[in-house]
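Trainee: I would like to learn how to read pockets and aromatic pairs from a set of coordinates. Could we work through one case together?

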Amino acid sequence: METISENRAFGGIQGVYSHLSQTCRCEMTFGLFLPEEAQFGPVPLLWYLSGLTCTHENAMVKAGAQQWAAEQGIALIFPDTSPRGDKVADDPEYDLGQGAGFYVNATRKPWAPHYNMWDYIAEDLPSMVQEKFPLDMTRQSIMGHSMGGHGALTLAMSLPGRYRSVSALAPIANPTATDWGTKQLRAYLGDNPADWAAHDSTALMRERGFDGPMLIDTGAADPYIDMLRPEALAAAIAERRQPATFRLHKGYDHSYFFVSTFMEDHVAFHAEALYAD
């Protein structure tokens, strides 16, 4: 692992690091904020998964999350959204290829050799940071924005017992039913819709739900709301009678102004679960 930078922030350290990923078969970069409490022992960890076109840096710089994480004494990790490099497949469209990993393990060429973001987030990166940093991996929660909200919800519902809580900001909630999903899932996983269901939070909610607290926020003025389909996930939550807080906010859009407005709520929500016992 290589240290790219470390900066003092809110009493803690905001670091940026790179490492050779065994699953993505390339160099990957991530941000990690460690609060002051990490000097004295392992601290809980909150994952933040970013959206389309983002790198590790977008939320790390724009979301204002470190201030609230420092108040709660929890670490924040900001993974990248896809593999990158000259030898990694890409596409000229913004919503496929580098910056658009969609948190799946690709099975089709040319994506399959590198696009294994599910395993990267679920296995590769956790194993590495557990070894290198003072993190209490028995206390993890996960959140994300847009494509990252999709990733956070699907990972949380598919890995029972891993995360104590899950939240999402403007998640792509029903990707098998919109162009923000069918295009990518077909490219990465093939033409059979049955192979896509494991990466659709609405379908997973109906099938299994989540054994823990859940918070979902979407801006009612989000210009992409028809692609996000929050109503599909809300209906599945109601059908399953899943304990969840689901909020639509008048006037808010899809931007980091929206994300940063509600970041304090989300960090406090996760801190409550992470320190529940």
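Trainee: What volume does the second largest pocket have?

Mentor: Rolling a probe the size of a water molecule over the atoms shows where empty space is left. In this predicted model, the second largest pocket comes to about 160 Å³.

Trainee: Which residues line the second largest pocket?

Mentor: Its lining includes Thr 138, Ala 156 and Met 157, the run Pro 160, Gly 161, Arg 162, Tyr 163 and Arg 164, and also Arg 208, Gly 209, Phe 210 and Asp 211. Sorted by class, that lining holds 5 nonpolar, 3 polar and 4 charged residues.

Trainee: Now the aromatic rings. How many aromatic pairs does a search of the whole structure find?

Mentor: A pair of aromatic rings is described by the distance of the centres and the angle of the planes. The search gives 10 aromatic pairs. In one of them, Tyr 48 and Phe 78, the ring centres are 6.0 Å apart and the planes meet at 50°, so the pair is tilted.

Trainee: Where do Tyr 48 and Phe 78 lie?

Mentor: Tyr 48 belongs to strand β4 (residues 43-49) and Phe 78 to strand β5 (residues 75-79), so their contact ties together parts that are 30 residues apart in sequence.

Trainee: Is Tyr 48 buried or exposed?

Mentor: Tyr 48 counts as buried because its relative accessibility is 1%. Phe 78 is buried too, with a relative accessible area of 0%.

Trainee: What are the distance and the angle for the rings of Trp 180 and Tyr 224?

Mentor: Their centres are 4.9 Å apart and their planes stand at 35°, so this pair is tilted. Trp 180 sits in helix α5 (residues 179-189), while Tyr 224 is in the loop between β8 (214-219) and α7 (225-228), so the pair ties together parts that are 44 residues apart in sequence. Trp 180 is buried, at a relative accessible area of 5%, whereas Tyr 224 is partly exposed, at 37%.

Trainee: Which residues do ring pairs link into a cluster?

Mentor: Tyr 17, Phe 30 and Phe 133 are linked in that way.

Notes. Residues numbered from 1 in each chain as written. Predicted model: local features only at pLDDT ≥ 70, side-chain atom pairs only at ≥ 80, totals over all residues. Heavy atoms only, no water. 1 Å grid on protein atoms, 1.4 Å probe; cavity = no way out; pocket = protein on both sides within 12 Å on 5 of 7 lines; lining within 4 Å. Points joined across faces, edges and corners; volume = space filled by probe spheres on them. Nonpolar A, V, L, I, M, F, W, Y, C, P; charged D, E, K, R; others polar. Phe/Tyr/Trp six-rings, centres within 6.5 Å; stacked < 30°, edge-to-face > 60°. Helix = DSSP H or I, 4+ residues; strand = E, 2+ residues; numbered from the N terminus. Buried < 20%, exposed > 50% of the residue type's maximum accessible area, 1.4 Å probe, protein only.
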